[in-house]
Amino acid sequence: MAVAEIKTTKPQTGFAEFWFYFSRNKGAVMGLAVFLIILFVAVFAAFVAPHSPSIQNRDVLLLPPGWTQGGQWTYLLGTDAVGRDILSRLIYGARFSLFIGLVVVTLSVISGVLVGLIAGYFRGRTDTIIMRVMDIILAFPSLLLALVLVAVLGPGLVNAMIAISLVNLPHFVRLTRAAVMSERTKDYVIASRVAGAGTLRLMFLTILPNCLAPLIVQATLAFSAAILDAAALGFLGMGAQPPTPEWGTMLAEAREFIQRAWWVVTFPGLAILVTVIAINLMGDGLRDALDPKLKRS
Amino acid sequence: MAGGSKTFGPSVFQRKKGLAPMLRFIFGRLAVLIPTFLGVSLIAFSFIRLLPGDPVMLMSGERVMAPERHAELMHQLGLDRPMYVQYFDYLGGLVTGDFGSSIVTKRPVLDDFINLFPATLELSICAIIVAVLLGIPAGVIAAVKRGTWLDQSLMGVALIGYSMPIFWWGLLLIIFFSGYLGWTPVSGRISMMYFFPQVTGFMLIDSLISGQAGAFRSAVSYLILPTIVLATIPLAVIARQTRSAMLEVLGEDYVRTARSKGLSPVRVIGIHALRNALIPVITTIGLQVGVLLAGAILTETIFSWPGIGKWMVDSVFKRDYQVVQGGLMLIAAMIMIINLIVDVLYGFINPRIRH
């Protein structure tokens, strides 16, 4: 804090300060750039994709990528076993992955914060019961629990998102609870209570905004983890169902061509990897920018 | 996670030396495990009941069944009794080690679990050894060479590992090492050529005991790729955690003192710094148990590794819900017990958390 006072003549706005620390992390800026490109491609998939993701061209089955022998430049990354353009499917697939990440993070953040806030604010028996339930969820390997949940609910993208949100929930509950517990006895909260603030106001307007930093970081990590988990479920055949161009589902379909057509297997996984790396890089940058303990310069 | 915000046993002021606080700590943990285990059993029990249809209809499959026969079977299986009676009956079975039997193979779930668990354990132990042996040195080097290209490339690789969809990573390794180079087999635990009695259930040990030439080499060749795949994420996590723990410790006064006393850098880093930096790293390693089992599901599926991960996935697809229910229970119990052991070990290493 003392350092900041010496450096700046006028107080920075919240965002300017955030950007100052975030932009010093080159990896984070790179991650943000890649993420924005993927977002752009996903939103404008219909204009960016050279072909339809679902039209099967019987003349070009398992066509290798454009730069290799036997490839055609119109099918840059080659075609799959039924003659669909892989690049176009990947571009449309970006929509699914980003959408899954967004829905899962929104669902688990909203419910996790709510439950964690209740546990941390009221403590006592409510807290004990909530934390025991979270312990129960954490006792299962997350992917196994998600897999069984989807099997019970029925395979599909929506149920996969619900299952992944549920297994993500305990992390947000624990994090919110811990943050709320350290804030609730601080002077500003007591002052607000003495001034007559009601329970809801104390919970949501006084305490919650001061607990957001670790939650934002965790949300970023959960975003990438959700993309990985959804792809894993798709790969196991329990996520999005064919012919949906979801990246994990594409990999599952490609498995049998692993010895004959490397490109069918390589590119969907590469798409997952690049997206997840970009988001994790952003997460690292966010942590550096939002965690006051790391702000040493 | 260990320690955290929960407090068990006497406060700091009453702390005594000896075993008593340790035992209280262990019993405190056990007391929490029992309700958690009951909760786990309730979840595993409810899963099958949430499914559309009932177990009898699932067992009969596509065949049409007369209502009388259906009712008779329901009665035989005790499924016509009230739900809570069934649950307590199920709990009673669990206490005596009865985890139900597979609908498909009719074998008891516990037997299958005991048969298959060594395969998963062997793979997981190999993976965690690789992750620790490579991850800790990588983290230490990155911390000591902070900001250099070496640090940046090590952490870059760690980031890639941390972000890796391991099912795809496994396929790539198969394409390259099994397909293109032909070095390693694609699936299974050992070549069909070798037969020897299962003594420990660990292929590496059993093949050595058998004394057959080449058996051990064969077991190793089957183990290499799955180990790499399963070790990837824990390795990256351990390297990152070691680096940040080392960075924190290297800035401490006692490290500066050790340096200014003229101790060699190897001594300062290896003895003074690393020992303290390892405390959070050991917690991280303990937390990888769940990650390993989740990873085992994917790794075993890709490499047809006959362990509990593949067993569970297969059972889900065969709709063998007795196995899914029993397997969930056993795996959850296993994770809870391993976490407890890690917590206790951690209490020995770091007395501060026993408060």
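Helices (H or I, at least four residues) and strands (E, at least two) are DSSP runs, numbered from the N terminus. In the predicted model described here, local features need pLDDT of at least 70 and side-chain atom pairs count only at pLDDT 80 or more, while totals for chains, interfaces and linings use all residues. Residues are numbered from 1 along each chain as its sequence is written, and chains are lettered from A and ligands numbered from 1 in the order in which they are written.

Chain B contains 13 helices and zero strands. Read from the N terminus, its elements follow the order α-α-α-α-α-α-α-α-α-α-α-α-α. Of its 355 residues, 36% count as buried; a residue is buried if 20 or more other C-beta atoms, placed from the backbone, lie within 10 Å of its own, exposed if 12 or fewer, and partly exposed in between. Two residues are in contact if their C-beta atoms, placed from the backbone, lie within 7 Å. Among the contacts in chain B with a separation of 6 or more, 71% are between residues 24 or more positions apart.

The interface of the two chains involves 37 residues of chain B and 36 residues of chain A. On the side of chain B, two or more residues each come from helices H1 (20–50), H6 (149–162), H7 (166–180), H11 (265–303), H12 (308–317) and H13 (321–349). This side of chain B is made up of 30 nonpolar, seven polar and no charged residues. Here Ala, Val, Leu, Ile, Met, Phe, Trp, Tyr, Cys and Pro count as nonpolar, Asp, Glu, Lys and Arg as charged, and the others, Gly among them, as polar.

A nonpolar core is a set of buried Ala, Val, Leu, Ile, Met, Phe, Trp, Tyr and Cys residues joined through C-beta atoms within 7 Å. The largest such core has 175 residues, of which Leu144(A), Ala146(A), Leu147(A) and Ala226(A) touch the most other members. Helix H9 (residues 215–250) of chain B gives this core its largest share, 19 residues. When residues up to four places away in sequence are left out, Leu147(A) touches Leu233(A), Leu236(A), Met238(A) and Val316(B).

Within chain B, H6(B) and H9(B) pack with their axes 8 Å apart and at an angle of about 140°. Axes are lines fitted to C-alpha atoms, for helices over the stretch in contact, and angles run from 0 to 180 degrees between N-to-C directions. The two helices H6(B) and H9(B) are therefore oblique to each other, since angles under 35 degrees count as roughly parallel, over 145 as roughly antiparallel, 65 to 115 as roughly perpendicular and the rest as oblique. The residues of this contact comprise nine nonpolar, two polar and two charged.

Gly196(A), which follows H9(A), has a positive phi near 105°.

Most residues other than glycine have a negative phi, and most peptide bonds are trans. Arg123(A), not a glycine, has a positive phi of about 50°. Arg123(A) lies in the loop between helix H5 (86–122) and helix H6 (124–138) of chain A, and counts as partly exposed because 14 C-beta neighbours are inside 10 Å. Lys106(B) also has a positive phi, near 70°. Lys106(B) is exposed, with 8 other C-beta atoms within 10 Å. A cis peptide bond, with omega about 5°, joins Pro242(A) and Pro243(A).
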